[in-house]
Amino acid sequence: MEAALAELKDRLAKLTDVRRTGAVLVWDMTVFMPPGGGPTRAAQLATIEGISHELASNDRLGELYEELLPLADSLPADSDDAALIRVTHRDYARARQVPTELATELAETAANAYEVWVRARQDSDFASFRPWLEHIVELRQRYVECFAPYDDAYDVLLEDYEPGMRTSEIREIFSVLTPELRSLVAEHATDEVDAFMRGPFPVAGQERLSRELAEAFGVTWEQFRLDTTVHPFEVTFGLGDIRLTSRYDEGDIHSLFTAMHETGHGIYEWGVSKTLERTPLCMGASSTLHESQSRLWENIVGRSLPFWRWFFPRVQETFPERLGSVSVEEFHRAVNRVRRSTIRVDADETSYGLHLILRFELEQELIEGRLAVADLPGAWNARFEELMGVVPPDDAHGVLQDSHWAGASFGYFPTYLLGSVLSVQIWEKVRAAIPNLDEQVGRGEFSELHDWLRENVYTYGRKLQPADLIRQVVGGPIDPQPFLGYLRQKAETQG
C-alpha cells in the first residue's frame, strides 16, 4: 500500500501542476495578453485541459483507489492521506463521467468567448456575444447530461463549486432571504450620492491604498502580486504565488473594497496547510467558504466604523481635495448606504443579495431550456425591475456585466450570497473567541483575526466536505437569520 499511495501522490502532484499551468495561462489572458492572442491562447488552454482531464480520469487511478480506499477507512479521520484518497476518489469518479472531448471544447470555447465578452461589455453589444453564450449553454447542457439521471439539472453544475449541496437547499435559503432583502431595499434604498464620493480619485492613490490594505491583512509581496483586469479575481499558482487583481475608476473608490475582497480570497488560499501543497486538496473547501472569507474581509471588517476610524485618515491624506473636510462618520454612512445599484460588484451588502438571486433563477431557466439566450436581456431587465425597482440603462449595466457566463461558470453565482450569509455566522464565532476584536480592528491590528481564521478555516483546504467544515466552524448549517439581523441593524443605524 505504501507504494500505491506514493504513486497516487505522484500522479496527483502532476495533475495539480498541469491545472496550475492552465491557471497561469488564464491569468495572463485576462491581465496581460494582447487581444490578438485570443485564438491561440484558447487552443493552448484546450490542450492543457485535455492533458489535465486525461490525468484526472486515467484507468490507473481507478486501480489505485480500489487498492487504497480500505486504507483511508483505517486511518485517523483527520489524516491528510485519508482525506486525499477520499476526496480525490470523488473527483475521479466525476471526471470519468465527462468525455475528454467535451472538457476540451468547453475550455476552448470559454477562452474565445471571454475575448468576445470583453468587447461586447465595452460596447454594450449583447448581439455580438449571443451566439457564444448560446454555444456555452448548449455545452453546459451536454455536460449536465453526462451525470444523468439526476434530481435537478442545476445540482450537477452546483457540485463543481459547492460539493454536496443541492439546489433545493439554496431555494429554501433564498426563499427566506428574497422577501426580506426586497423589503429592506424598498424601505432603506436611496438615490442620494454624496458629492464627496464622486471623485476624482487618481488611480495611483487608489492602487497605493489597495496595497496598504492587503499588507495590513497579512499579504507579503514576496508571495503575492496585484495587477489590473477587466473583471477582478484571485488565482493561486502555489502557496508562495498568489495573484490578486483589481480595477480602478477615477470616479469612485470602490477599488478599496475590491482589494479587500480579493485579499480575502488570497489569504484563504495562502493559509492552507503546507502539507497539502501540490495536491488537489490545496485550495479552499468550496466557493461558499471562499466567498465567506472575501465578503468577511470586504464587508464585515471593511465597512465597519472601527475599521474606518483607523484607515480613513490615510484615505484623506491621499485624496485631501475630495475628502479632507469629510468626517469619518459621514464617510462610513456613505459606504454603507443601501442603493439600487445595477452593477453587482459595486452593490451594497443588502441589494447585493438580490443580484445573486436574479442570476440563480436565470441560470436554472437557461440550463433547463425554459429561457432562450435571445430572450435573456429582456428577462434580466424585467426581473431586475421586479426585485430592485429600477431597470438597467443598457446591457453593459445588466446582462453583460459579469464574466462568469463567458467562462462557462454556471453554478457559481449563488455561492456569493451563501458566502455572505455564512460570513456573519463565522464572524459571530470570531467575536466570541476574540472579545476585543472591534478594538483591534480600530487600531489596524488584524493578526489575531487572521490567525483564528487560518486555524479554524484556511488550514483544512479541501480535506473536509464543505458542509462538515461549516458545521465544525459555526456549529450548524448555513442559517440566513444572523445575516438578516446584521443587515437590519446596519440599515436602522444608517437611518
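Start by selecting helices H1 and H3, which pack at an angle of about 130° with their axes 10 Å apart. That makes H1 oblique to H3, the label for whatever is left once angles under 35 degrees (roughly parallel), over 145 (roughly antiparallel) and 65 to 115 (roughly perpendicular) are taken out. Axes here are lines fitted to C-alpha atoms, for helices over the stretch in contact, with angles running from 0 to 180 degrees between N-to-C directions. Helices are DSSP runs of H or I with at least four residues, numbered from the N terminus.

A word on what you have open: this is a predicted model, where local features need pLDDT of at least 70 and side-chain atom pairs count only at pLDDT 80 or more, while totals for chains, interfaces and linings use all residues. Residues are numbered from 1 along each chain as its sequence is written, and side-chain values use heavy atoms, with hydrogens and water left out.

Now show the side chains between H1 and H3. On H1, pick Ala4, Leu5, Glu7, Leu8, Arg11 and Leu12; they meet Arg60, Leu61, Leu64, Tyr65, Glu67, Leu68 and Leu71 of H3. Contact means heavy atoms within 4.5 Å. By class, this contact of H1 with H3 has nine nonpolar, no polar and four charged residues. Nonpolar covers Ala, Val, Leu, Ile, Met, Phe, Trp, Tyr, Cys and Pro, charged covers Asp, Glu, Lys and Arg, and the others, Gly among them, are polar. The crossing of H1 and H3 is left-handed, meaning the near helix is turned anticlockwise from the far one by less than a right angle.

Look for Leu5, Leu8, Lys9 and Leu12 of H1 against Asp81, Leu84, Ile85 and Thr88 of H4. Five of the residues in this contact of H1 with H4 are nonpolar, one is polar and two are charged. The crossing of H1 and H4 is left-handed.

Between H3 (59–74) and H4 there is a loop, and Ala77 lies in it. Ala77 is exposed, at a relative accessible area of 65%; exposed means over 50%, buried under 20% and partly exposed in between, with a 1.4 Å probe and protein chains only.

Back on H1, click Arg20. Arg20 counts as buried at 12% relative accessibility. Leaving out residues up to four places away in sequence, Arg20 touches Thr236, Phe237, Gly238, Glu277, Arg278 and Cys282.

Last stop, the rings. The whole structure holds 30 aromatic pairs, a pair being rings of Phe, Tyr or Trp (its six-membered ring) with centres within 6.5 Å, stacked if the planes are under 30 degrees apart, edge-to-face over 60 and tilted for the rest. Trp405 and Phe410 are stacked, 5.8 Å centre to centre with 10° between the planes. Trp405 is buried at 5% relative accessibility, and Phe410 is buried at 1%. Phe413 and Tyr416 make a tilted pair, at 6.2 Å centre to centre and 40° between the planes.

Notes: Helix = DSSP H or I, 4+ residues; strand = E, 2+ residues; numbered from the N terminus.
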